[in-house]
Amino acid sequence: MNTLADHVTHTLRSWILQGILQPGERLEEIPLAEKLGVSRTPVRAALGNLGNEGLLEHRTKRGYTVRVYQYEDIIGAYEVRAVLEGLACRRAAQKGLSDLAISKLKACLAQGDAILDKGVLLPEDHAPYQEMNVTLHETLLSAAENSWVTRFTTQAQTAPFASDRIMLWEDHGIISRSHQDHHRIVTAVIEKDAARAEQLMREHIYFAGLLLRDNYERLSKKNTSGK
């Protein structure tokens, strides 16, 4: 069962990845506890957890601040994700998927299709599509049955903009292309075409990295506006 500290950790992690908490911003226990409606204890635990993940930096007498990532750090995280998630797809294809995993992946594909078949990206569809994307990637990671791959992929995703939990929701064509990648990847894994599954996932994440490169300056300005 998830604890309150786990919930606070998840919330603060999301705020950091989405730019709600700005790079370099100092995080204080009392204001955060009041904002979240919890005591200081789970906030303190969450800050420690996020410090261990590398999202926060701890400084003597200053407490925790949101880590400032350089562009090269984020691109490096994409490179690591591409290799590790590609490996995960290879292993999943070699081992074969369970009926449950196949069912979950097909449900993800169907959900994404239903959203994109509208022909436009509606604001209310952003969160459901994003959740679907996370479920699909995590299902493939889990199917690899390699805790090291999962651990290091998760660590790579803690870099802002490099997580599968964050995506640009502005261009239907780009999102549609990405989801077609999902179809091709899942088909290759189900058919146990390990080499193709690995290469498709690598290309899928590589393409996401290209989008980041093209939009990084704009995203950075958006996330630091109002400071």
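Asp125 sits in the loop that runs between helix 5 (99-116) and helix 6 (126-144), helices here being DSSP runs of H or I with at least four residues, numbered from the N terminus. The model is a predicted one, with local features needing pLDDT of at least 70 and side-chain atom pairs counting only at pLDDT 80 or more, while totals for chains, interfaces and linings use all residues. Residues are numbered from 1 along each chain as its sequence is written, and side-chain values use heavy atoms, leaving out hydrogens and water.

At 7% relative accessibility, Asp125 counts as buried (under 20% relative accessible area; exposed is over 50%, partly exposed in between, with a 1.4 Å probe and protein chains only). Leaving aside residues up to four places away in sequence, Asp125 touches Ile115, Lys118 and Trp169, where contact means heavy atoms within 4.5 Å.

On the aromatic side, there is one pair in the structure. Trp148 and Phe152 make up this pair, stacked at 5.8 Å centre to centre with 25 degrees between the planes (ring centres of Phe, Tyr or Trp, the latter by its six-membered ring, within 6.5 Å; planes under 30 degrees apart are stacked, over 60 edge-to-face, the rest tilted). Both residues belong to helix 7 (residues 147-156), four residues apart, or about one turn of the helix. Phe152 is partly exposed, at 40% relative accessibility.

As for cysteines, Cys89 is buried at 0% relative accessibility, and Cys108 is buried at 5%. The structure has zero disulfides, a disulfide being a pair of cysteine sulfur atoms within 2.5 Å.

Methods: Helices (H or I, at least four residues) and strands (E, at least two) are DSSP runs, numbered from the N terminus.
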